[in-house]
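This report looks first at the chain as a whole and then at a single residue. Please keep the sequence and the model side by side while reading.

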Amino acid sequence: MAYLTLKGINKIYPNGYHAVHDFNLEIEKGEFIVFVGSSGCGKSTTLRMIAGLENISKGEFYIDGERANEKGPRERGVAMVFQSYALYPHMTVYDNLAFGLTLQGVDDDVIEQRVQATAKILGLTDYLDRLPRALSGGQRQRVAVGRAIIRKVDIFLMDEPLSNLDAKQRVTMRSEITQIHRETGATTIYVTHDQTEAMTMADRIVVMKEGYIQQVGTPRELYFNPTNMFVAGFIGEPPMNFIEGRVKDGKINISDNIIDLSAIADSDVVKKYEGEEVVLGFRPEAIKLVGKEDTEKAFKISCTVELTELLGDNTNVYVDIKGIKTILKVDPHDSPEMDAKLDFAIPYESVYLFDKNTEKRIKLKAK
């Protein structure tokens, strides 16, 4: 197992484009770290710098405490799984798995043992004599993962490995990769734009935007304690609702629905933001329906139903609060009719407040 340190890592291309800014991160031995963010945020570029496929423009990278900036990919002891599978089309599954070991001069008996053991883990035993074109997308992705784990390296790097799979295959492969990580104990860095993958697989998540780290934390920390509006809106499905308003006399008026900040915030916070524009946030699943649940210690909101989406285990309800569009998540048995009037409540503990100018989360209570 290996631990990694990234200190002030930057990537600046010859044309001046600054892809990654001052990236700092400590990765513990055996951790499963996920880099997540929208396309172009710098997550894959950072992974490629860790792999040695991109030069580090500025900063220092350490593996087990040893500087690795100048080391090539082979010297870093990493195995990488790409989005495109990168299998040899003329080779069987067996030969694809064995190829890296063959190049290393490993004995045939050892190769046979490792191939069979890897194939068993990945459910590929019955497909070892097939060519990649005879496999499904999920099976080809298993082979790509197998080529990485068969080398028994200390660091796995995975760049959007599930993006070419359908929804059902992604769910299956998520659990398989997580199980492989548990069995191998290798330090794993996984890049994705899919927040569901990040939330279900990671020990810790690194959220990136435009080359900058926005927040690093466990899935629970990012979901319940986002540091800014970007993280709050990126993590969670459907995303967090945001409603802008101005604080007047310690209250926010949201289309005749009064949010009294004194119920959720210390007096010094209320005074500090008097007259200022803020953004109120709440998650669609945090709401309660008035008349259906206990709505004490909650802000009541009236709205009109515009659209409903029955998803089986829940219903997404798109509502209009006198011109303000939001999404609610309710029990499918409580699905309202279209154009119906609806009253819902946001529990005090589920309300988030953000500074509109900085988009940073406002700390409501002193600790």
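## Charges

In the protein chain, the mean positions of the 46 positive and 54 negative charges lie 2 Å apart. Lys and Arg count as positive and Asp and Glu as negative, while His and the chain ends are not counted; the place of a charge is NZ of Lys, CZ of Arg, CG of Asp or CD of Glu.

## Basis of the model

The model is predicted, with local features needing pLDDT of at least 70 and side-chain atom pairs counting only at pLDDT 80 or more, whereas totals for chains, interfaces and linings use all residues. Residues are numbered from 1 along each chain as its sequence is written, and side-chain values use heavy atoms, with hydrogens and water left out.

## The chain as a whole

The protein chain holds nine helices and 20 strands, which are DSSP runs numbered from the N terminus (helices H or I, at least four residues; strands E, at least two). Along the principal axes, its C-alpha atoms fill a box of roughly 75 × 45 × 40 Å.

Of the 367 residues in the protein chain, 49% are buried, meaning under 20% relative accessible area with a 1.4 Å probe, protein chains only.

## Thr 5

Thr 5 is placed in strand β1, which covers residues 4–12, and Thr 5 is buried, with a relative accessible area of 7%. The side chain of Thr 5 makes a polar contact with the side chain of Glu 26 at 3.0 Å; such a contact is a pair of N or O atoms within 3.5 Å, and within protein one must be able to donate a hydrogen and the other to accept it, with residues adjacent in sequence counting only if both atoms are side-chain atoms.

Conventions
Buried means under 20% relative accessible area, exposed over 50%, partly exposed in between (1.4 Å probe, protein chains only).
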